[in-house]
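Biologist: I'd like to walk through this one with you, step by step. Can we put it up on the screen and start with the ligand?

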Amino acid sequence: MPIDAIGRGSGKGSMSGSRIYMDWNATAPLLPEAREALVSALDHLGNPSSVHGEGRAVRALVESARRDIAALCGAQAAAVVFTSGATEAANMVLTPEFRMGRTPLKAGKLYVSAIEHPAVREGGRFSRDNTCEIAVTSAGIIDCAALETQLQAHDRETGLPMVAVMLANNETGVVQPIADVAAIVRAHGGILVVDAVQAAGRLPLSIEALGADFLILSSHKIGGPKGAGALVARGEIMMPSSLIRGGGQEKGHRSGTENAAALAGFAAAARAAARDIDGRMAAVAAMRDSLEMKMRSSAPDVIIHGQSVSRLANTCFFTLPGLKAETGQIAFDLEGVALSAGSACSSGKVGQSHVLTAMGYDPRQGALRISIGEATTQVEIERCAAIFAKVAARRPSTGQAA
Ligand code: PLP
């Protein structure tokens with residue numbers, strides 16, 4: 001099926017031409033310009049580490065991609081390390097072992113917000129004993145006072161405190177007060193890692209303005225191909241020990257021949273993501289808000305999580321009382337809408353949302369996530385709203401979760 005059969009929201013893998021893709025936070029459709037850049041880069045023969053002309057041509061592609069990723073987050077190109085995705089970037093940076101220039105530097109403990117994606121929440125190379133959670137409020141915002149208390153109690157003898165807080169949550173879309181977090185971390189001489197995977201292309205991104213030491217990015221969340229990502233550092237001085245050792249590519253930070261084609265696609269997506277964020281997101285927010293209004297009018301008891309605080313423009317995370325999330329997900333799927341029940345487990349099963357738990361909700365009923373994008377159309381919004389009304393009306397009237 002052609003990718004644009006009903007807007008980029010559908011695409012290959014759809015089960016019929018009339019399906020509606022509303023799972024952009026899981027993966028965004030590949031942008032045409034990213035596809036073109038990827039495909040044309042595949043024809044480059046050389047290895048970017050080779051010194052001959054063929055190698056230099058591919059090296060030029062990789063370095064141009066590095067500049068595009070740096071531009072997306074206001075960083076220096078030299079401080080961008082390419083990885084296979086955000087999960088690898090997280091595992092690379094979440095380590096007790098750092099270097100400050102030539103001097104070893106130790107991070108003693110990792111403090112992660114309770115709503116981090118598992119890529120970060122698992123703690124990378126920190127032991128479980130040296131990983132602590134930072135609480136969030138019922139609105140899904142990090143509790144800065146709790147962080148302050150935790151860092152006050154941090155034992156500096158063990159090394160620096162490292163803090164990981166995401167810029168925007170993948171389930172709720174709730175935006176975190178990173179500048180406030182950064183001020184606290186700075187006051188305690190810590191290292192701040194910010195997972196900007198869901199925020200990239202949806203919020204203006206500047207590593208300096210955020211006060212982060214490291215940002216984590218993923219290509220496939222911004223319309224690039226899967227299997228590419230980056231760890232972006234504030235400068236080149238303080239860097240984590242490498243996770244993947246070998247031939248010394250990426251200045252020794254990440255060995256292995258660079259996936260130049262994927263990086264070319266990632267770069268094209270990053271250029272698109274950096275363009276007119278406000279204008280693009282205003283249009284997306286208008287669609288999301290109109291959907292939420294229709295949802296509320298057909299089911300006034302719907303709970304929209306994080307609605308009262310700053311959220312990504314594209315995300316709607318909701319609970320329909322009486323409807324279990326996994327039942328709801330199947331019902332929407334059968335009606336032709338691809339959405340998500342919290343974050344998908346690798347097994348494809350619906351796990352209980354740790355984000356809902358952290359926000360103090362009973363996670364057993366769960367919540368459904370609609371996440372849209374620029375290619376979503378108002379027609380799709382209307383159809384989704386009608387399907388929502390149908391699913392809501394079929395809920396058991398007992399109030400028991402179906
Ligand atoms: N961080 C967040 C917030 C995410 O949403 C995801 C993907 O769902 C990841 C990290 C992992 O990204 P990747 O698939 O590039 O490893």
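Biologist: How many Å separate a polar side-chain atom of Gln198 from an oxygen atom of the ligand?

Modeller: Keep in mind that we're looking at a predicted model. For a polar contact, the N or O atoms have to be within 3.5 Å. The Gln198 side chain has a polar atom that passes this cut-off, and its distance to a ligand oxygen atom is 2.8 Å.

Biologist: Which residue has a side-chain N or O atom 2.6 Å from a nitrogen atom of the ligand?

Modeller: Let's go through the side chains. The N or O atom of His220 sits 2.8 Å from an oxygen atom of the ligand, so to speak on another kind of atom than you asked about. For a ligand nitrogen atom at 2.6 Å, the side chain to pick is that of Asp195.

Biologist: What share of the ligand's area does the protein bury?

Modeller: On its own, the ligand would expose 400 Å².

Biologist: How many residues in the shell around the ligand are charged?

Modeller: The surrounding residues include Gly85, Thr87, Met166, Asn170 and Lys221. Sorted by class, the shell has three nonpolar and seven polar residues. Asp and Lys count as charged, and the charged residues in the shell number two.

Biologist: Ser218 is also beside the ligand. Is Ser218 buried or exposed?

Modeller: Ser218 belongs to strand E8, residues 214–218. Among the residues Ser218 touches are Ala86, Val197 and Phe266. Its relative accessibility is 6%, and because the cut-off is under 20%, Ser218 counts as buried.

Biologist: Over to the strands. Which residue of E4 is the bridge partner of Arg99?

Modeller: Strand E3 covers residues 97–100 and strand E4 covers residues 103–113, and they pair in the antiparallel sense over four bridges. The two form a hairpin with two residues between them, and Gly101 in the turn has a positive phi of about 65 degrees. Across from Arg99, the partner in E4 is Pro104.

Biologist: And in E5, which residue is the bridge partner of Tyr111?

Modeller: E4 runs parallel to strand E5, residues 131–134, and four bridges join them. E4 also pairs in the parallel sense with strand E6, residues 160–164, over five bridges. In E6, Tyr111 is partnered by Val163, while in E5 the partner is Cys132.

Technical notes
Residues numbered from 1 in each chain as written. Predicted model: local features only at pLDDT ≥ 70, side-chain atom pairs only at ≥ 80, totals over all residues. Heavy atoms only, no water. Buried < 20%, exposed > 50% of the residue type's maximum accessible area, 1.4 Å probe, protein only. Contact = heavy atoms within 4.5 Å. Pairing = 2+ DSSP bridges. Near = heavy atom within 4 Å. Polar contact = N/O pair within 3.5 Å; in protein donor to acceptor, adjacent residues only side chain to side chain. Areas by Shrake-Rupley, 256 points an atom, 1.4 Å probe, with all protein chains shown as cover. Lists of a residue's contacts leave out its neighbours within four places in sequence.
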